Amino acid sequence: MKNTYIIGDLQGCFDELQQLLQVIEYRPEQDELWFVGDLINRGPQSLECLRFVKEQCKAGHAKTVLGNHDFHLLAVYAGLDRFLSESDTLEPILRADDCDALVDWLRQQPLLIQHPQLDAVMVHAGIPPQWSLSQAKAYAAEAEQPLRADNWQTFVRDELFGNDDKKWTPKLSGWPRIRYIINAFARMRYCDQNGTLDFKLKGNPAHDLARLAEKKRQGFQPWYTFGDRATRDTQIFFGHWSTLGPLDGFNVHATDTGCLWGGQLTAYHLQSNRRICIECTQKLAPKLAKNQT
Ligand SMILES: [Mn+2]
């Protein structure tokens with residue numbers, strides 16, 4: 001069996017990725033890389049990251065799931081510019097000769113992957129507490145469909161974005177259903193026990209007590225902390241939440257250790273349950289850090 005390394009959010013930090021691969025002595029014949037999504041944006045070398053991950057995936061050496069920044073690129077490519085931000089660094093991708101091929105590959109990546117032999121599932125942000133693993137897999141497959149359709153750009157431009165679909169019921173249908181599923185997998189941090197999403201809170205649960213006290217009364221907690229979480233018997237890897245740090249608990253592993261913000265880039269070795277981290281030199285101005293999504 002190949003070694004599996006789960007690698008945290010890259011966000012364009014290509015030099016750090018190459019350093020990390022040297023540290024783990026990455027050899028494609030015997031190692032497999034799992035990228036947790038948010039390959040691009042904000043950092044300096046998004047194009048290089050995207051090309052590298054695409055090549056590794058196409059060669060069968062890597063897998064990735066889609067993160068919110070990856071969706072952002074799909075949307076900008078499809079002509080949706082109302083969410084463009086000053087801190088975006090997508091231009092080099094959009095101007096690249098191979099932009100069409102990169103985007104065409106990216107849009108067909110999954111929202112959830114599961115290891116064929118070991119107890120390990122990876123998503124970008126999380127899995128709502130009331131979904132079983134088999135439900136989560138079915139919902140992921142449902143939401144991947146419109147991204148793989150010929151008219152995917154229409155979907156991304158007109159239907160994908162919105163904060164209106166925060167509540168889940170199995171009866172939810174149409175685009176609100178797809179939007180909820182994608183928001184949960186790619187953006188969720190806090191939710192209530194029914195999976196109602198909160199998009200405003202981004203802090204570390206331990207450091208954000210004043211705001212959390214109110215949210216807590218309303219039933220919001222980090223998605224992985226619900227005692228009766230339906231996926232609690234499955235080991236879940238996720239990124240997206242850099243203020244959590246290297247959390248290993250609740251049978252989940254947080255892998256976004258804030259490379260982009262001058263923190264670390266993480267590779268979690270699945271077979272030995274070991275984290276290998278490198279220090280990152282990338283430090284974005286606080287102005288940009290404030291806009292972090
Ligand atoms: Mn993210």
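Donors of a metal ion are N, O and S atoms within 2.8 Å of the metal (3.2 Å for Na, K and Ca), and sites may look incomplete because water is not among the atoms. The model is predicted, with local features requiring pLDDT of at least 70 and side-chain atom pairs counting only at pLDDT 80 or more, while totals for chains, interfaces and linings use all residues. Residues are numbered from 1 along each chain as its sequence is written, and side-chain values use heavy atoms, with hydrogens and water left out.

Figure 1. The donor residues of the manganese ion follow the sequence spacing D-x29-N-x55-H-x115-H. Distant parts of the chain are linked here by Asp 38 and His 240, which are 202 residues apart. Asp 38 belongs to the loop between strand 2 (31-35) and helix 2 (46-58), and His 240 to the loop between strand 9 (236-238) and strand 10 (248-249). The coordinating atoms come from Asp 38 (OD), Asn 68 (OD1), His 124 (NE2) and His 240 (ND1), at 2.1 to 2.2 Å. Both Asp 38 and His 240 are buried. Buried means under 20% relative accessible area, exposed means over 50%, and partly exposed lies in between (1.4 Å probe, protein chains only).

**Figure 2. The whole chain.** The chain contains ten helices and 13 strands; helices (H or I, at least four residues) and strands (E, at least two) are DSSP runs, numbered from the N terminus. Along the principal axes, the C-alpha atoms fill a box of roughly 45 × 45 × 40 Å. Of the 293 residues, 57% count as buried. Among contacts between residues at least 6 apart in sequence, 69% join residues at least 24 apart, where contact means heavy atoms within 4.5 Å.

Figure 3. Asn 41 is found in the loop between strand 2 and helix 2. Its phi is positive, about 85°, although Asn 41 is not a glycine. Asn 41 is buried, with a relative accessible area of 0%. Asn 251 lies in the loop between strand 10 and strand 11, and its phi is near 65°, again a positive value in a residue other than glycine. Asn 251 is partly exposed, at a relative accessible area of 29%.

**Figure 4. The surroundings of His 253.** His 253 has its place in strand 11 (residues 252-254). With a relative accessible area of 8%, His 253 is buried. Leaving out residues up to four places away in sequence, His 253 touches Gln 235, Ile 236, Phe 237, Phe 238, Leu 247, Asp 248, Tyr 268 and Arg 275. Gln 30, by comparison, is 223 residues from His 253 along the chain, and the two C-alpha atoms are separated by 23 Å.

**Figure 5. The surroundings of His 269.** His 269 is part of strand 12 (residues 264-269) and counts as buried at 8% relative accessibility. His 269 and Tyr 5 are 264 residues apart in sequence, yet their C-alpha atoms are 4.6 Å apart in space. Apart from residues up to four places away in sequence, His 269 touches Asn 3, Thr 4, Tyr 5, Arg 274 and Ile 276.

**Figure 6. Arg 179 in helix 8.** Helix 8 (residues 174-187) holds Arg 179, which is buried with a relative accessible area of 10%. Excluding neighbours within four places in sequence, Arg 179 is in contact with Glu 159, Leu 160, Phe 161, Gly 162, Asp 164 and Asp 165. From Arg 179 to Leu 160, the C-alpha distance is 5.8 Å, and the sequence separation is 19 residues.

**Figure 7. Asp 119 in a loop.** Asp 119 is placed in the loop between strand 4 (112-114) and strand 5 (121-123). At 39% relative accessibility, Asp 119 counts as partly exposed. Its contacts, leaving aside neighbours within four places in sequence, are Asp 233, Thr 234 and Gln 235. Asp 119 and Thr 255 are 136 residues apart in sequence, and their C-alpha atoms are 17 Å apart in space.
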